[in-house]
Amino acid sequence: MAYVITEPCIGTKDSACVDVCPVDCIHPRKDEGDFEASTMLYIHPDECIDCGVCEPECPAEAIKPDTEPSLEKWLKVNADFARTWPNITQKKDAPADAKTWDGVADKFATHFSANPGSGD
């Protein structure tokens, strides 16, 4: 089992989860200096040790155990992008407009991009 990051992270990208992850399995989308609305983080499923310390740290409640129903899409998204992009090991400031994206529905369809990140 692993944890996955889901749609609520898009645009909000609070990286408090990065500070508590003991194995540095969290990966960014896009360059860390570019906080567009579609920015989100991913958990690498092969690196996650299922400790669960990241889940309560996420103010957007975007982190879920992969055993929850209907997460197949997010399992694939996390696996695909985390495997090809560098990890992030230090908490970064959230985007300036993060609060405006909190709770917005259907962000994946309108604000997701597959551009890679640069990590630390």
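Helices (H or I, at least four residues) and strands (E, at least two) are DSSP runs, numbered from the N terminus. The average pLDDT of the protein is 83, and 84% of the residues score at least 70. Over residues 31–38 pLDDT stays under 50, and the model has 25 contacts beyond four places in sequence for this segment, a contact being heavy atoms within 4.5 Å. In this predicted model, local features need pLDDT of at least 70 and side-chain atom pairs count only at pLDDT 80 or more, whereas totals for chains, interfaces and linings use all residues. Residues are numbered from 1 along each chain as its sequence is written, and side-chain values use heavy atoms, with hydrogens and water left out.

The secondary structure comprises four helices and four strands, in the order β-α-β-β-β-α-α-α from the N terminus. Of the contacts with a separation of 6 or more, 82% are between residues 24 or more positions apart. Of the 120 residues, 45% are buried (under 20% relative accessible area; exposed is over 50% and partly exposed in between; 1.4 Å probe, protein chains only). The protein exposes about 5800 Å², of which carbon and sulfur atoms supply 49%; accessible areas come from the Shrake-Rupley method with a 1.4 Å probe, and for residues only the protein chains shown count as cover.

Helix H2 comprises 13 residues, with end C-alpha atoms 19 Å apart, in agreement with the 18 Å that they should span at 1.5 Å a residue; the expected span is 1.5 Å times one less than the number of residues. Trp74, Val77, Asn78, Ala79, Phe81 and Ala82 of H2 are buried. An α-helix has 3.6 residues a turn, so residues three or four places apart point the same way. The buried residues of H2 pack against strand E1 (3–5), strand E2 (26–28), E3 and H4.

Two aromatic pairs were counted, taking rings of Phe, Tyr and Trp (its six-membered ring) with centres within 6.5 Å; planes under 30 degrees apart count as stacked, over 60 as edge-to-face and the rest as tilted. The rings of tryptophan 74 and phenylalanine 108 have centres 5.2 Å apart and planes at 80°, so this pair is edge-to-face. Because tryptophan 74 lies in helix H2 (residues 72–84) and phenylalanine 108 in helix H4, the pair ties together parts 34 residues apart in sequence. Tryptophan 74 is buried at 7% relative accessibility, whereas phenylalanine 108 is partly exposed at 24%.

Histidine 44 is placed in the loop between strand E3 (41–43) and E4 and is buried, at 9% relative accessibility. A polar atom of its side chain lies 3.1 Å from the backbone nitrogen of aspartate 46. Apart from neighbours within four places in sequence, histidine 44 contacts Cys25, His27, Ala82 and Arg83.

Glutamate 55 is likewise in the loop between E3 and E4, but is partly exposed at 29% relative accessibility. Beyond its neighbours within four places in sequence, glutamate 55 is in contact with Tyr3, Ile63, Lys64 and Pro65.

Technical notes
pLDDT is the predictor's confidence in each residue, from 0 to 100. A polar contact is a pair of N or O atoms within 3.5 Å; within protein, one must be able to donate a hydrogen and the other to accept it, and residues adjacent in sequence count only if both atoms are side-chain atoms.
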